[in-house]
Every structure is written in C-alpha cells, then in structure tokens.
Amino acid sequence: MSSPVRLALLGCGTVGGDVVRLLHEQSADLAARIGAPLEIAGIAVRRLGRDRGDLPVDPALFTTDALGLIKRDDVDIVVEVIGGIEPARGWLVEALRAGKSVVTANKALLAEDGVTLHDAAAEGGADLYYEASVAGAIPLLRPLRESLHGDRINRVTGIVNGTTNFILSAMDATGAGFAEALEEATELGYAEADPTADVEGFDAAAKAAILASLAFHTRVGAADVHREGITEVTAADVASAKAMGCTIKLLCIAARNTDAAGRETVSVRVHPAMIPLTHPLASVGDAFNAVFVEAEAAGQLMFYGRGAGGAPTASAVLGDVVAVARNRLAGVHAPSESAYADLAVRPMGEALTRYHISLDVADRPGVLEAVAGVFARHEVSIATVRQGPAGGGPAGRGEDAELVIVTHVAPDAALAATVRALRGLEIVRSVTSVLRVEGGL
C-alpha cells in the first residue's frame, strides 16, 4: 500500500464533523478502495475552544491558520466545507495553483466565481471536485460531467432545496399558509434561523448555475439565473393547483433553446411552478431533492435522494476525496472544465412558459370578452378558463367573480405584459395569483 494521502479540512461544523466521523469509521475500506490510507493533516476552524463532543480526532490537529495549513508540504488534498465567498475563494485558489486538489461543497462560491477556481485548477494541474455542492448525497454532477459526456442534454429540471420542498409539501398536505409551514420547518430543523437564502431562491439559483454549466458546456453564473422564491405562494394557490390536478414546487429549470436567429442558447431560472401530479417530480416530498434530466440518446433520467444534512453531504464529499486520491496515486487528473459551447444565456423574458392567473373581476356581461381581448393583443393564447364566484359567494348578482385562466406556451415577457395590462382594466378588481405552469399539463 502506498504512503498516506493527507487531507487539510477547512471547517468542522455539521458537515465537517461528519466527514471526520466517516473517515474514522470507514478508514480500512477507504484505504482499500484508494490503495493508500487517508490521514487528516489538520483541521482549520474559527475557534479552537469550541466543544466538539466525541469527535474522533486528535485536538492537536485543530488550527485557526487555514492558509498556513494549506501551504504545508505534507498536505495533498484540501477539503472545504466552510461555505461563503471569502476567505474560501482565496484559500482554494492558493491550494489549486500549488497543485493541491480541492474537494468543496461551496455552491455559492462555484456559482459566483467558479471561473476563477477552474482557471486556478488548470494552472496548477490539480483536480477540482464538487459533487456535494448541489444535491447532497445524490450522485448527480459526475453523471453530468462524465457519464453523459457522450450525449446531448436538452433540459434539466430539479427540486434542489430541501427547505422549500418541505414547506411547499406541508402546505399541500395540511392547507397551511406559508408562515405556518415555515414555522414548522424551523422547529424541525429544516429551516435556518434566517431562511432567506432558501425561501427567496438564492440557494437553488446557485445550484441551477452549476447544473447548467455542466449540462450545456457553458459558463453560467448566479447572476445569469432568473430567481424567484416561495414567499408569495399562498394556501389559495396550493388549493387552486390541487383543483387542477397539480402541485406547486420550487423548480430550477435549465434548458437548451434556439433563438429567433436560429442560434443555440440556454435559459436558466428558479421559481415556484405548478406541475401535474403525473410528473415524476410531483411526488418528491418532505425535504428530499430530485433532478430530472432529459437527454437525446439516454432519454429521461431521474436522480433522487437526500439533498442536505451532515451525513448525506459528507458522503458526497468523501466520494470526491476517493476519486481525487486515486487520481493522485495514478498520476492523472480529471478532465478539466468543459465550457467549449459558450452558449449565450437567454433573458427570462424570452423563456417559453405558461401562466396560471387568478383574477377577481366584476360579475357583469362583457367581462370575459374584455379579458380575452387583453390576451389576444399580447399574442398569448388561452388554454382553459374557469369562472366562479369570488370568495365562494353566489354568482350572477352583480357581485365580484373569479376567473382562473391557464395559458398556452408563450414568451415570459408577453405573459408578464399581459398580467400588467390586466391590472389596469377597470373591470379587474385584483390579480390575486400568478404562477407559472410546467410539465406538460
């Protein structure tokens, strides 16, 4: 067996602690798979005095000098699980340029400035692995980067945030509003004290950028992703979706398109959407993640599992560590970043989608004709219309009524302009709900 492969671990929180435990519990198996034992050279933390329970590690390995640890000659691989942009970016660039391979779970950094990390890896001849950055334990990125490399991926649709999926699943199951479901998620530990990154879609948008970059061989950053969260989803929206045989999910959607000039482009977006109960993603409940991939030769593929948590994420981290360590012993490196396609990212206004629109309108003759005229002027075709009394009261007595309209596919800009025009109609009391519809309803 070869000499030990030594790791510098940056961060020892929930994920870092589980990485240490798995390294300890599976040391013999990991050594057999790699052909050399794995050893921890040091663990960089913010505070040395923190109680870390029964963590199976020598306290002498802890340090607050992350950069000094990275620069040590006896460090072969740097494992980063602290998150954030800085100082993580500077540390990882230092490691990669020095030829030390990096395993990271840092989705925010990869989406914000993955270009710098990939360039540093190429400069130093090092590996950059990040399976744990998108969907926890689910093996997803390596299939996109390697297994499907001989295919053409056309679309990736996913539920990639467990917190929002738990909240929406709870709203669907109980009829609760957003605030009540968020409170339950917080009590159960699914939501952070500050849930903004999850419920406003920032977390999912970072993951969407990473998925699109791999799927379409194009550099896509967080700024390229259209983002909307779930804070405006109401119990009435969920009930309306149920009435249509749908459920509401926060989706990340990355799709290959052709623009008006015939050029290939990509669109990347994160937003809540109605999907039919027959769609494979509709049954993904609780805090689980799932990603649906559509490729030309392979067809439809589904990846499902726990997308967050210390142990699942640590499992993905160690999978990358094994791959990187084996590469090191073999004297080879993984394929570098594939961004040869360099496709333009389409603005959200050009993305093709469908809308579900609920209106409170005056209950009098000519209302439906006036509303339909607004859709026609914006070249948006109506698929279905459902009319009923507003608030469940009696209809046809000069009171307000509710119109629920589902459109055919149209550019998002035309759909949004239609909604704005509807708000300006005298007969429209209010636009009570607007949700996109995906999945072939």
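The side chains of Asp-320 and Arg-142 meet in a salt bridge, with 2.4 Å from N to O. The model is a predicted one. Its protein chain is divided into domain 1 (5-136 + 310-330), domain 2 (140-306) and domain 3 (350-437).

**Where domain 1 meets domain 2**

- The C-alpha centres of domain 1 and domain 2 are 28 Å apart.
- Domain 1 brings 18 residues to the contact, and domain 2 brings 19 residues.
- The size of an interface is often given as the accessible area lost when the parts come together.
- For domain 1 and domain 2, about 1,500 Å² is buried between them, and 59% of this lies on carbon and sulfur atoms.
- On the domain 1 side, the residues that lose the most area to domain 2 are Ala-111, Glu-131 and Val-134, which together make up 40% of what that side buries.

**Polar links across the interface**

- Three salt bridges are found across the interface of domain 1 and domain 2.
- Nine residue pairs, both residues at pLDDT 80 or more, are in polar contact between domain 1 and domain 2.

**What the domain 1 side is made of**

- Four elements each supply at least two residues to the side of domain 1 that touches domain 2: helix 5 (107-124), strand 6 (128-129), helix 6 (132-135) and helix 13 (310-330).
- Helix 5 gives the most to this side, with six residues.
- By residue type, the side of domain 1 that touches domain 2 has 11 nonpolar, three polar and four charged residues.

- Six strands form an open sheet in the order 3-2-1-4-5-6, and their pairing is parallel.
- Strand 3 (62-63) and strand 6 are at the edges and have a single partner strand each, so one side of each is left without a neighbour in the sheet.
- Strand 2 (residues 38-44) runs parallel to strand 3 and is joined to it by two bridges.
- Ala-44 has Thr-63, in strand 3, as its bridge partner.

**Two points in the backbone**

- The peptide bond from Glu-86 to Pro-87 is cis, and its omega is near 5°.
- Pro-87 is in the loop between strand 4 (77-80) and helix 4 (88-97).
- Asp-342 has a phi near 50°, which is a positive value in a residue other than glycine.
- The loop that holds Asp-342 runs between helix 13 and strand 13 (344-345).

Note on methods:
Residues numbered from 1 in each chain as written. Predicted model: local features only at pLDDT ≥ 70, side-chain atom pairs only at ≥ 80, totals over all residues. Heavy atoms only, no water. Domains from an automatic or database assignment. Contact = heavy atoms within 4.5 Å. Buried area = accessible area lost by both parts, 1.4 Å probe. Salt bridge = Lys/Arg side-chain N within 4 Å of Asp/Glu carboxyl O. Polar contact = N/O pair within 3.5 Å; in protein donor to acceptor, adjacent residues only side chain to side chain. Nonpolar A, V, L, I, M, F, W, Y, C, P; charged D, E, K, R; others polar. Pairing = 2+ DSSP bridges.
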